Amino acid sequence: PVLDTEDAWVSVEGPVSIVELALEQKRIHYPLVEHQFVLCTVLYAIMRLSLKGVKPLSLFDSKGKNAFFKDLTSIQLLPSGDMDPNILSVRQQFLLKVVSAAVQTLCSSQKDKEVSEEEYFPFEKGKNWPTLAADLAQYLQISEDLVRRHYVCELYSYGMDHLGEE
């Protein structure tokens with residue numbers, strides 16, 4: 001972009017303006033940022049829902065693992081559409097664990113009538129973990145319907161039929 005400046009500002013001495021610094025920055029490779037976002041979401045879900053025995057890097061193939069340690073401005077080879085069935089299976093099991101843990105947490109917090117969902121997850125007002133898992137399924141090449149069906153089954157199994165019907 002072309003930035004017009006007034007004559008009075010041209011002769012000013014001092015540090016470089018923040019606009020000029022921003023324009024000099026290299027452009028980021030957005031798919032690589034999305035890839036990093038998926039990893040951050042996976043790590044946050046593992047931490048927040050106390051999932052045990054999950055190895056986050058096992059959800060990615062070798063190209064995906066290598067892309068995590070590159071500069072965000074570099075053009076990296078990211079995983080293609082063809083994915084190893086073993087990795088897809090691990091991803092599917094992970095998403096189903098997230099949904100199960102979220103429903104179990106919701107059910108246990110509702111049994112304790114004193115604790116509301118907002119108090120149990122104080123910084124996550126409005127955070128819907130099963131919906132997040134369904135959104136994450138798109139990035140991980142897993143069927144969203146599979147995740148949603150598992151969510152409904154979990155709701156029914158915990159006796160939350162009114163939510164399962166919705």
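**Close-up views of a predicted model**

View 1. Leu155 touches Val103, Met160, Asp161, Leu163 and Gly164, leaving aside residues up to four places away in sequence; contact here means heavy atoms within 4.5 Å. The model is predicted, so local features need pLDDT of at least 70 and side-chain atom pairs count only at pLDDT 80 or more, while totals for chains, interfaces and linings use all residues. Residues are numbered from 1 along each chain as its sequence is written, and side-chain values use heavy atoms, with hydrogens and water left out. Leu155 belongs to helix H8; helices (H or I, at least four residues) are DSSP runs numbered from the N terminus. With a relative accessibility of 1%, Leu155 counts as buried (buried is under 20% relative accessible area, exposed over 50% and partly exposed in between, with a 1.4 Å probe and protein chains only). The C-alpha atoms of Leu155 and Gln104 are 8.9 Å apart in space, although 51 residues separate the two in sequence.

**View 2. Glu154 in helix H8.** Helix H8 covers residues 144–157 and includes Glu154. Glu154 counts as buried because its relative accessibility is 15%. Not counting residues up to four places away in sequence, Glu154 touches Ser100 and Val103. Val103 is also among the contacts of Leu155.

View 3. Glu144 and Arg148 form a salt bridge, their closest N and O atoms lying 3.4 Å apart. The criterion is a side-chain nitrogen of Lys or Arg within 4 Å of a carboxyl oxygen of Asp or Glu, and by this rule the count comes to one salt bridge. Both residues lie in H8, four residues apart, which is about one turn of the helix. In an α-helix there are 3.6 residues a turn, so residues three or four places apart point the same way. Glu144 is partly exposed, at 23% relative accessible area, and Arg148 is partly exposed at 39%.

View 4. The buried residues in H3 include Leu32, His35, Val38 and Leu39. Ser50, which follows H3, has a positive phi, near 55°.

**View 5. Val19 in helix H2.** Val19 is found in helix H2, residues 18–24. Its relative accessibility of 43% means that Val19 counts as partly exposed.

Notes. Helix = DSSP H or I, 4+ residues; strand = E, 2+ residues; numbered from the N terminus.
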